[in-house]
Amino acid sequence: RTVYVNGQYLPETEATVSIFDRGFLMADGVYEVTSVLDGKLIDFAGHLRRLQRSLDELEMKNPLSEDEWLAVHRELVARNGVEEGMVYLQVTRGNPGDRDFAWAADVAPTVVLFTQTKPGLADNPQARTGIRVISVPDIRWGRRDIKTVQLLYPSMGKMMAKKAGVDDAWFTEDGFVTEGTSNNVYIIRGNRIVTRPLSSEILHGITRSAVLRFAAEAQYEVEERAFTVEEAQGADEAFLTSASAFVMPVVELDGAAIGTGKPGPVATRLREIYLDEMR
Ligand code: PDD
């Protein structure tokens, strides 16, 4: 696989980053994941907008222009022959040459991109069965709206889910669900889709904003408010969204079946609409 590091396209075995990089020592960096279907980037403009916002919030300069970001993404997709999968991009605060909590503004950021080939992203068998989740306390930091590479607790959440024999974990805080380990979450009651409003407590999902737009166009009611685990367990349906899962039905929460315990009509339809509109 060819990867991109600081202006160069290299075989992955030849790509290197300094051990003093603040991304490595301090998780001081941001990332984006854009999915690829039929060799094409999905909702790329949205991901670039959020990247800019994450960089602004951390007082980092955007190292590339929008056209340059697009060119690097396209080049990697082409070189690696990615038909279905994703492009990962990461910008860290770079290598100051030593370890120091304070950062200097004049250090060049480190830019890394790679692709992942994932056949079955669109025609995902999990979308036909739905996935099962457990709830775990959300003990992440308070700026989850910034897409940082600080992913230790989300990784632990995923491991807790694995150990419990299920697929993923939903985080809860003050009695309410915030989001999934790497996705935004929703419940459905009748014709109404309920999801937590945007704030610093959750990541502002790019898929979320597209799905809510398509849902409104399809005459579903959208209510942005927080919900509890109990309310989700009693809902007609539930689902999650992310750049890699698109719309994924959730059929069990903490051992309780949601609705019929099978993917419901609304989540199934929203997945179809999303894929039709975006690809
Ligand atoms: N995760 N919430 C969290 C905590 C996330 O990490 C993600 C994305 C989302 C969904 O955002 P979007 O729709 O823009 O992908 C919500 C990516 C896919 C990842 O870490 O791989």
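Two strands pair if DSSP finds at least two bridges between them. Helices (H or I, at least four residues) and strands (E, at least two) are DSSP runs, numbered from the N terminus. The model is predicted: local features need pLDDT of at least 70, side-chain atom pairs count only at pLDDT 80 or more, and totals for chains, interfaces and linings use all residues. Residue numbers start from 1 along each chain as its sequence is written.

**Exercise 1.** Trace the pairing partners of strand 11.

Solution.
- Step 1. Strand 10 (residues 184–189) pairs with strand 11 (residues 192–195) in the antiparallel sense, over four bridges. Ile187 stands opposite Val194 of strand 11.
- Step 2. Two residues lie between strand 10 and strand 11 in their hairpin, where Gly190 takes a positive phi near 60°.
- Step 3. Strand 11 runs parallel to strand 12 (residues 221–224), and four bridges join them. Here Thr195 stands opposite Glu224 in strand 12.

**Exercise 2.** Determine the hand of the crossover from strand 11 to strand 12.

Solution.
- Step 1. From strand 11 the chain passes through helix 6 (residues 206–217) to strand 12.
- Step 2. With the strands pointing away from the viewer, a clockwise path from the first strand over the helix to the second is right-handed. This β-α-β crossover is right-handed.

**Exercise 3.** Describe the side of domain 1 that touches domain 2.

Solution.
- Step 1. Domain 1 covers 2–117 and domain 2 covers 125–278, with bounds from an automatic or database domain assignment.
- Step 2. Counting C-beta atoms, placed from the backbone, within 7 Å as a contact, 19 residues of domain 1 are in contact with 12 residues of domain 2.
- Step 3. Strand 3 (29–37), helix 2 (44–57) and strand 5 (85–92) each supply at least two residues of this side of domain 1. Strand 3 gives the largest share, seven residues.

Note on methods
Two residues are in contact if their C-beta atoms, placed from the backbone, lie within 7 Å.
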